[in-house]
Amino acid sequence: MTASNRSNGANPDARQRARDIISGYVGHKGALLMALLDVQYQLNYIPETTVDDAAEILGYSQPEVWGVLSFYSDFSVGQGSDHFIDVCIDAPCHVTGARSIERAIRDAVAESDIEVRTISCPRLCNQAPVVAYDQQWRGQQTPERATKLAANLMSPLPQGEG
(Lines give C-alpha, C1' and ligand atoms only; values in the text may rest on other atoms or scores of the structure.)
Protein backbone atom coordinates (compact mmCIF):
# COMPACT_ATOMS: atom_id res chain seq x y z
CA MET A 1 0.00 0.00 0.00
CA THR A 2 1.48 3.30 -1.02
CA ALA A 3 0.99 6.58 0.74
CA SER A 4 2.83 9.14 -1.38
CA ASN A 5 0.77 11.93 -2.95
CA ARG A 6 -2.35 10.85 -1.09
CA SER A 7 -5.31 13.08 -0.41
CA ASN A 8 -7.47 12.54 2.64
CA GLY A 9 -10.45 14.28 1.06
CA ALA A 10 -13.52 12.14 0.56
CA ASN A 11 -14.98 11.98 -2.94
CA PRO A 12 -18.72 11.22 -2.65
CA ASP A 13 -18.95 9.92 -6.24
CA ALA A 14 -16.03 7.54 -5.70
CA ARG A 15 -17.54 6.38 -2.43
CA GLN A 16 -20.84 5.56 -4.11
CA ARG A 17 -19.08 3.75 -6.95
CA ALA A 18 -17.08 1.73 -4.43
CA ARG A 19 -20.25 0.89 -2.47
CA ASP A 20 -21.96 -0.25 -5.68
CA ILE A 21 -18.99 -2.44 -6.60
CA ILE A 22 -18.79 -3.97 -3.12
CA SER A 23 -22.54 -4.65 -3.07
CA GLY A 24 -22.12 -6.84 -6.13
CA TYR A 25 -20.03 -9.26 -4.04
CA VAL A 26 -22.48 -9.92 -1.23
CA GLY A 27 -22.73 -13.68 -0.66
CA HIS A 28 -19.74 -14.61 -2.85
CA LYS A 29 -16.87 -16.76 -1.60
CA GLY A 30 -13.76 -14.60 -1.19
CA ALA A 31 -15.99 -11.53 -1.41
CA LEU A 32 -13.75 -9.14 0.53
CA LEU A 33 -10.59 -9.60 -1.50
CA MET A 34 -12.41 -9.74 -4.82
CA ALA A 35 -14.50 -6.65 -4.03
CA LEU A 36 -11.45 -4.66 -2.97
CA LEU A 37 -9.53 -5.70 -6.08
CA ASP A 38 -12.49 -4.66 -8.24
CA VAL A 39 -12.69 -1.26 -6.52
CA GLN A 40 -8.92 -0.79 -7.00
CA TYR A 41 -9.16 -1.77 -10.66
CA GLN A 42 -12.12 0.47 -11.46
CA LEU A 43 -11.11 3.54 -9.45
CA ASN A 44 -7.31 3.13 -9.50
CA TYR A 45 -7.32 3.49 -5.72
CA ILE A 46 -9.28 2.49 -2.62
CA PRO A 47 -11.28 5.37 -1.13
CA GLU A 48 -10.59 5.55 2.61
CA THR A 49 -14.33 5.22 3.25
CA THR A 50 -14.19 1.76 1.68
CA VAL A 51 -12.98 0.28 4.97
CA ASP A 52 -16.22 1.25 6.69
CA ASP A 53 -18.35 0.43 3.66
CA ALA A 54 -16.84 -3.01 3.00
CA ALA A 55 -17.15 -3.92 6.67
CA GLU A 56 -20.81 -2.87 6.69
CA ILE A 57 -21.87 -4.35 3.35
CA LEU A 58 -19.92 -7.62 3.47
CA GLY A 59 -20.11 -8.24 7.22
CA TYR A 60 -16.43 -8.01 8.10
CA SER A 61 -14.82 -6.06 10.89
CA GLN A 62 -12.84 -2.93 10.07
CA PRO A 63 -9.58 -4.59 11.23
CA GLU A 64 -10.26 -7.48 8.83
CA VAL A 65 -10.71 -5.06 5.93
CA TRP A 66 -7.55 -3.12 6.90
CA GLY A 67 -5.74 -6.44 7.23
CA VAL A 68 -6.46 -7.30 3.59
CA LEU A 69 -5.62 -3.79 2.37
CA SER A 70 -2.32 -3.70 4.24
CA PHE A 71 -1.29 -7.26 3.36
CA TYR A 72 -1.43 -6.86 -0.42
CA SER A 73 0.88 -4.30 -1.99
CA ASP A 74 -1.46 -3.83 -4.96
CA PHE A 75 -3.84 -1.65 -2.95
CA SER A 76 -3.48 2.12 -2.84
CA VAL A 77 -5.64 3.65 -0.13
CA GLY A 78 -6.63 7.26 -0.77
CA GLN A 79 -6.67 9.09 -4.06
CA GLY A 80 -3.24 9.62 -5.50
CA SER A 81 -1.85 11.02 -8.69
CA ASP A 82 -3.69 11.25 -11.96
CA HIS A 83 -1.01 9.05 -13.54
CA PHE A 84 0.57 5.82 -12.33
CA ILE A 85 3.50 3.75 -13.44
CA ASP A 86 3.40 0.21 -12.09
CA VAL A 87 6.52 -1.94 -12.12
CA CYS A 88 6.15 -5.67 -11.53
CA ILE A 89 8.84 -6.91 -9.14
CA ASP A 90 7.92 -10.60 -8.90
CA ALA A 91 10.47 -13.27 -9.79
CA PRO A 92 10.45 -13.26 -13.63
CA CYS A 93 10.50 -9.46 -13.77
CA HIS A 94 12.97 -9.17 -10.91
CA VAL A 95 15.54 -11.45 -12.53
CA THR A 96 15.19 -9.62 -15.86
CA GLY A 97 15.91 -6.18 -14.38
CA ALA A 98 12.76 -4.77 -12.79
CA ARG A 99 14.60 -2.97 -9.99
CA SER A 100 16.90 -1.10 -12.39
CA ILE A 101 13.84 -0.16 -14.45
CA GLU A 102 12.07 1.06 -11.32
CA ARG A 103 15.08 3.22 -10.35
CA ALA A 104 15.28 4.69 -13.87
CA ILE A 105 11.58 5.54 -13.86
CA ARG A 106 11.73 7.07 -10.37
CA ASP A 107 14.64 9.26 -11.49
CA ALA A 108 12.81 10.26 -14.67
CA VAL A 109 9.58 11.28 -12.93
CA ALA A 110 11.07 12.67 -9.71
CA GLU A 111 9.89 16.23 -10.38
CA SER A 112 6.43 15.23 -11.62
CA ASP A 113 3.17 14.21 -9.98
CA ILE A 114 3.37 10.72 -11.49
CA GLU A 115 3.24 7.98 -8.89
CA VAL A 116 5.54 4.97 -9.29
CA ARG A 117 4.30 1.79 -7.66
CA THR A 118 5.77 -1.68 -7.33
CA ILE A 119 3.22 -4.41 -7.78
CA SER A 120 2.87 -8.16 -7.84
CA CYS A 121 2.49 -10.28 -10.92
CA PRO A 122 0.06 -9.11 -13.61
CA ARG A 123 0.40 -12.57 -15.23
CA LEU A 124 2.55 -11.40 -18.16
CA CYS A 125 5.64 -13.39 -17.18
CA ASN A 126 6.44 -14.30 -20.79
CA GLN A 127 6.97 -10.57 -21.46
CA ALA A 128 9.10 -9.83 -18.39
CA PRO A 129 10.03 -7.32 -17.26
CA VAL A 130 6.70 -5.52 -17.50
CA VAL A 131 5.63 -1.99 -16.67
CA ALA A 132 2.17 -0.38 -16.83
CA TYR A 133 1.57 3.25 -17.67
CA ASP A 134 -1.93 4.14 -16.47
CA GLN A 135 -2.83 0.43 -16.65
CA GLN A 136 -1.51 -0.03 -20.19
CA TRP A 137 0.98 -2.89 -19.92
CA ARG A 138 4.26 -2.88 -21.83
CA GLY A 139 6.52 -5.90 -21.87
CA GLN A 140 10.21 -6.54 -22.42
CA GLN A 141 11.18 -3.24 -20.85
CA THR A 142 14.66 -1.86 -20.36
CA PRO A 143 15.59 1.18 -18.28
CA GLU A 144 15.93 3.17 -21.52
CA ARG A 145 12.54 2.11 -22.93
CA ALA A 146 10.81 2.66 -19.60
CA THR A 147 12.34 6.13 -19.21
CA LYS A 148 11.22 7.09 -22.72
CA LEU A 149 7.66 5.93 -22.01
CA ALA A 150 7.67 7.84 -18.72
CA ALA A 151 8.81 10.98 -20.55
CA ASN A 152 5.93 10.56 -23.01
CA LEU A 153 3.49 10.25 -20.11
CA MET A 154 4.81 13.50 -18.63
CA SER A 155 4.48 15.39 -21.93
CA PRO A 156 1.15 17.15 -22.31
CA LEU A 157 -0.83 16.30 -25.43
CA PRO A 158 -1.04 19.03 -28.09
CA GLN A 159 -4.34 20.94 -28.28
CA GLY A 160 -7.10 18.87 -29.88
CA GLU A 161 -5.57 15.49 -29.04
CA GLY A 162 -6.47 13.19 -26.22
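Buried means under 20% relative accessible area, exposed over 50%, and partly exposed in between, with a 1.4 Å probe and protein chains only.

Ground rules next. The model is predicted, so I take local features only at pLDDT of at least 70 and side-chain atom pairs only at pLDDT 80 or more, while totals for chains, interfaces and linings use all residues. Residues are numbered from 1 along each chain as its sequence is written, and side-chain values use heavy atoms, leaving out hydrogens and water.

**Entry: aromatic rings**

I looked for ring pairs among Phe, Tyr and Trp (its six-membered ring), counting centres within 6.5 Å; planes under 30 degrees apart are stacked, over 60 edge-to-face, and the rest tilted. A pair of aromatic rings is described by the distance of the centres and the angle of the planes, so I noted both. The count comes to 2 aromatic pairs. Phe71 and Tyr72 are edge-to-face because their planes sit at 85°, with the centres 4.9 Å apart. Tyr72 also pairs with Phe75, again edge-to-face, at 6.3 Å centre to centre and 85° between the planes. I can therefore write Phe71, Tyr72 and Phe75 down as one aromatic cluster.

How accessible is each member? Phe71 is exposed at 64% relative accessible area, Tyr72 is partly exposed at 34%, and Phe75 is buried at 0%.

**Entry: strand β1**

Strands here are DSSP runs of E, at least two residues, and helices are runs of H or I, at least four, numbered from the N terminus. I checked β1, residues 84-88, and found 5 of its 5 residues buried, so the strand is largely enclosed by the rest of the structure. In a regular strand the side chains alternate between the two faces of the sheet. In β1 both faces are covered: Phe84, Asp86 and Cys88 are buried on one side, Ile85 and Val87 on the other.

Which strands does β1 pair with? I required at least two DSSP bridges between two strands. β2 (residues 115-119) runs parallel to β1 and is joined to it by 5 bridges; there I found Asp86 opposite Arg117. β3 (residues 131-133) runs antiparallel to β1, with 3 bridges, and Ile85 stands opposite Tyr133.

**Entry: Thr50**

I finished with Thr50, which lies in helix α3, residues 50-58. Is Thr50 buried or exposed? Thr50 is buried, with a relative accessible area of 0%. For contacts I used heavy atoms within 4.5 Å. Leaving out neighbours within four places in sequence, I listed Ala18, Ile22, Leu36 and Ala55 as contacts of Thr50.
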